[in-house]
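Here are my notes on this one, point by point. Have the model open while you read.

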Amino acid sequence: MSSKPTISFWEKEVFLKNIDLIIIGSGIVGLTAAIEFNRLHPAKKIVILERGSFPSGASTKNAGFACFGSLTELASDMEVIGDQKVFDLVDRRWRGLSVLKELVGTKSIEYENLGGYELFTNRDQNSYDSALNLMPKVNAELQKIIGKDTFQKADDRISLFKFKGIEHIIFNQYEAQINTGKMISQMIALARESGIEIINGVTVNHIEDVNTSVEIETTLGKIKCLQCLIATNGFTKKLLPEIEVEPARAQVLITSPIPNLPFKGTFHYNEGYYYFRNVGDRVLFGGGRNLDLARETTTEMALSNLIQEKLEELLTQVILPTNSFDIEQRWSGIMGVSKSKETISRQLSENVSCAVRLGGMGVAIGSLIGQDAARSIKY
C-alpha cells in the first residue's frame with residue numbers, strides 16, 4: 001500500500017475529471033490565457049495547476065513597472081538583435097499593456113502614469129551621449145506605435161529628486177507603475193467567476209502527448225486532459241529542457257515609509273540592471289543581477305549578500321543620501337530570459353503548446369502572450 005498522499009473520490013470527480021484544457025502556471029500568461037480561452041469556449045473545462053501558494057515565478061514578485069524599455073536598454077538590445085526586432089518588441093509590449101488594462105482596468109491595479117526616468121552618473125557620460133544621439137531615431141519609431149515623442153531630457157529634475165552623483169536624466173512620459181499583487185488578485189477573481197479551477201500546491205513532473213489526450217504526471221498523480229498549455233516562464237527548462245529560455249533571478253527590497261519622499265515614478269539605471277520606484281512613501285529597489293550573472297541564472301528563490309549589500313549601498317549613497325530608512329522586506333523572483341529577447345509561443349505537439357520567455361517584461365507583454373496562446377489552441 002502506498003504511503004503517498006491521496007485524493008478523494010469527490011476531489012477526483014469534481015476537479016480532475018473530463019478536463020478540456022490544463023494550463024501549467026498561474027502567472028500573468030497562464031491566467032490571461034485561461035480567461036481568454038473561456039471567453040472563446042465557455043463550455044470547456046479549464047484547470048490551472050500552480051506549484052506555489054502564489055504564482056511561483058515573477059508575476060507577484062516583480063517591481064510593478066508598466067514599462068517597455070529604457071532608452072539605453074533599447075539601445076543595448078538593438079546591438080544584439082537589430083533595430084526592427086527591438087521596435088517590434090516595443091510594439092508588442094505597448095499592446096500588451098493595453099490588453100492588461102482592458103482585462104482588469106486601471107483603478108483595480110493602482111495603475112499610475114507617473115513617468116519613468118533613466119539616471120546617469122558622471123561615469124556614464126559616454127552612455128548618455130550615445131542615448132542622446134539615438135533619441136531622435138527612437139522617438140520617431142515610437143511615434144508610429146504610441147503617437148508622440150516618448151523620451152526627452154530632464155536634467156532640471158535632478159535637484160528636485162535630491163539624488164547624489166546623478167549628472168543627467170532622460171524622461172519617458174509613458175511609463176507607469178502598478179500593484180502586481182492586486183493585478184493577479186483581479187485576474188484570479190475573473191478566472192474563478194468564469195468557473196476556471198485554480199489548484200495550488202501541485203508540482204508537474206512530466207507531460208506526455210498521447211495523440212488523443214495529454215497525460216500529466218503530478219504530485220496528485222496522473223491527470224488527463226485534451227489540451228495543455230505550459231506557461232512556466234523561468235521554470236520552463238524543468239519541463240522542456242530543449243526550449244531556449246534561461247532562469248534569471250531578480251532580487252528586490254523595500255524600505256519603511258519615508259516622510260517627505262522627494263520623488264515619485266519609476267527609475268532605471270545601468271541599462272535597466274537596477275530599478276526603483278516609490279510605493280506610496282516607500283522605496284522599492286531591485287536589480288544587481290549583472291554583478292553575478294552565473295549564480296543568478298537559477299530557479300532558487302534566495303538572496304545573495306553581494307547583491308543585497310550593493311542595493312543598500314546605492315540606496316544610501318545615491319538614491320536616499322539625506323533620508324534615514326529601514327529595510328522592511330527582501331525577496332526574489334524568477335524571470336525567463338535569453339539573448340534573443342523574443343517571446344516563445346508555439347505548438348510543441350498536437351495537443352501541447354507553450355507561452356514562455358518574457359524577457360523581464362512580463363507585466364507589459366504577458367497578457368498579450370497569454371491571449372495569443374489561448375487563441376492558437378486548436379478546438
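1. Two strands count as paired if DSSP finds at least two bridges between them. With that in mind, in this predicted model Val 252 has Trp 331 as its bridge partner in S16. The two strands involved, S12 (residues 246-255) and S16, run antiparallel and are joined by 10 bridges.

2. Zooming out, the sheet is open, with 8 strands in the order S5-S6-S4-S13-S14-S15-S12-S16 and mixed pairing. Its edges are S5 (151-153) and S16 (327-337), each pairing on one side only. From one strand to the next, the twist averages 25°.

3. Now the helices. H3 (residues 71-81) packs on the sheet, where it touches S4 (116-121), S5 and S6 (166-172), and its direction makes about 80° with that of S4. H9 (residues 305-319) packs on the sheet too, touching S6, S12, S14 (274-279), S15 (282-287) and S16, at about 45° to the direction of S12.

4. On to the rings: the count is 19 aromatic pairs. Take Tyr 117 and Phe 171: their centres are 4.8 Å apart and their planes at 35°, so this pair is tilted. Tyr 117 is buried at 4% relative accessible area, and Phe 171 is buried at 8%.

5. Phe 163 and Phe 276 make an edge-to-face pair, because their planes stand at 90°, with centres 5.8 Å apart. Both residues are buried. Ring pairs join these residues into a cluster whose members include Tyr 117, Phe 171 and Phe 285.

Key. Residues are numbered from 1 along each chain as its sequence is written. This is a predicted model: local features need pLDDT of at least 70, side-chain atom pairs count only at pLDDT 80 or more; totals for chains, interfaces and linings use all residues. Side-chain values use heavy atoms; hydrogens and water are left out. Helices (H or I, at least four residues) and strands (E, at least two) are DSSP runs, numbered from the N terminus. Axes are lines fitted to C-alpha atoms, for helices over the stretch in contact, and angles run from 0 to 180 degrees between N-to-C directions. Contact means heavy atoms within 4.5 Å. Rings of Phe, Tyr and Trp (its six-membered ring) pair if their centres lie within 6.5 Å; planes under 30 degrees apart count as stacked, over 60 as edge-to-face and the rest as tilted. Buried means under 20% relative accessible area, exposed over 50%, partly exposed in between (1.4 Å probe, protein chains only).
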